[in-house]
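Welcome! Take a moment to look over the sequence and the model, and then let us walk through a few places together.

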Amino acid sequence: MATGKLHIDLGALVRNWQALDAQSADSVETAAVVKADGYGLGAPQVARALARAGARRFFVAAAEEGAAVRQALGPGPQICVFSGHMAGDTDMIHDLDLVPMLNSLEQLTRHLEALPGRPFGIQLDTGMNRLGMEPAEWGAVAEIALGAGPELIMSHLACADEPDHPQNQQQLDTFRAMTDGLNVPRSLAATGGILMGPDYHFDITRPGVGMYGGAPFEDASPVVNLSLPVIQIRELEPGETVGYSATYTAQEPTVIATVSGGYADGLIRAMSGRGHLFFEGAPCPIAGRVSMDLISVDITHLSSAPKALEILGPDQTVDDLANAAGTIGYEILTSLGARYARQYNGTGQHA
Ligand SMILES: *Cc1c(COP(=O)(O)O)cnc(C)c1O
């Protein structure tokens, strides 16, 4: 079966990382977040391209993801794990030289007992109530933690995609109160925090989605292009329906292209009847339900029969498609399935 072609422009990815890096002072290190398989685009390829461009520190969600990145990068670059030192992770953290961001007294104790002298960071909760030590817990363990020499202290902003949200300033104040004067490198900003300006930058920034071409980084270059081959084209009489549950009915003579790709490929069912595919800039509406492997598209208005239709590219960004489906670019990116033929441009690498 002909699958969709997913082009990933590693040159654009690197330019986005450099543009985010340029937003902060030279003294600020710009790391890179490559969790969830590099936001669905391939952590090994993404990490190698960024390492060649000068990134020295990478963040992943879990130790297993760190293993894949270490394998791709070899020794040297620092690989930090947001979920910290979980029970059962000790060997992986040790053997692959990962740096857990310790989230609790329990994790701190586990790390210092199991891997004394090995690097770690501290994650603080400044108001998101998701991961990290809260002020009282940090107050109780700070002396022990600092005595063991953390690589960095970090926290995460809950509302950085809304610069005017009052929680940003509150979290900034809390982070300062918890870390001022400690003489340990600090990190607070992901993509949104970088764009909010130098107060949020501290020593290390951690961009993710902006590198991959997504909001809130408005100036990002698009990184992904996805086109889906047309398998069949059919002509409908008025009154005929398309797809599961017959939710689309032709009102006039209509031409429908059936393309290869569906919700099993991350083209989520919420795009049914709402999204568009594109042919040479012309929008072609999705007709009826998205199925597991197929999408029906109204191409009545096209003057020639397309071989493929584009769902992500210059005419429709990840965020445009996300808006049509009622979600966010992060979900579209990380849902992109494993069935596509992946092509990496920009550094001469192939998957
Ligand atoms: C995902 C994540 C990031 C990157 O966030 P973006 O919004 O994608 O830039 C940074 N820090 C933490 C803790 C994260 O979970």
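## Before we start

This is a predicted model, in which local features need pLDDT of at least 70 and side-chain atom pairs count only at pLDDT 80 or more, while totals for chains, interfaces and linings use all residues. Residues are numbered from 1 along each chain as its sequence is written, and side-chain values use heavy atoms, leaving out hydrogens and water.

## A domain from the record

An unreviewed UniProt entry places the feature "domain: Alanine racemase C-terminal" at residues 223-345; such annotations may be inferred rather than shown by experiment. This span is 12% helix and 38% strand, and its end C-alpha atoms lie 10 Å apart. Helices (H or I, at least four residues) and strands (E, at least two) are DSSP runs, numbered from the N terminus.

## One face of helix α10

Which residues of helix α10 (residues 318-325) are buried? They are Val318, Asp319, Leu321, Ala322 and Ala325, where buried means under 20% relative accessible area, with a 1.4 Å probe and protein chains only. Seen down the axis of α10, these residues fall within an arc of 160°, so they line one face of the helix. The arc is that of the directions from the helix axis to the C-beta atoms. An α-helix has 3.6 residues a turn, so residues three or four places apart point the same way.

The cover over the buried residues of α10 includes β11 (224-236), β18 (308-312) and α11 (329-335). Just after α10, Gly326 takes a positive phi of about 75°.

## Around the ligand

Of the 14 residues around the ligand, Lys35, Tyr39, Thr191, Val209 and Tyr330 come nearest; a residue counts as near if one of its heavy atoms lies within 4 Å.

A polar side-chain atom of Arg206 lies 3.0 Å from a ligand nitrogen atom, and one of His156 lies 3.4 Å from a nitrogen atom of the ligand.

## Two loop residues

Ser272 sits in the loop between β14 (254-260) and β15 (276-279). At 18% relative accessibility, Ser272 counts as buried. A polar atom of the Ser272 side chain lies 2.6 Å from the backbone oxygen of Arg269.

Leu131 is in the loop between β7 (121-123) and α7 (135-147). With a relative accessible area of 35%, Leu131 is partly exposed, a term for values between buried and exposed (over 50%).

Terms used
Contact means heavy atoms within 4.5 Å. A polar contact is a pair of N or O atoms within 3.5 Å; within protein, one must be able to donate a hydrogen and the other to accept it, and residues adjacent in sequence count only if both atoms are side-chain atoms.
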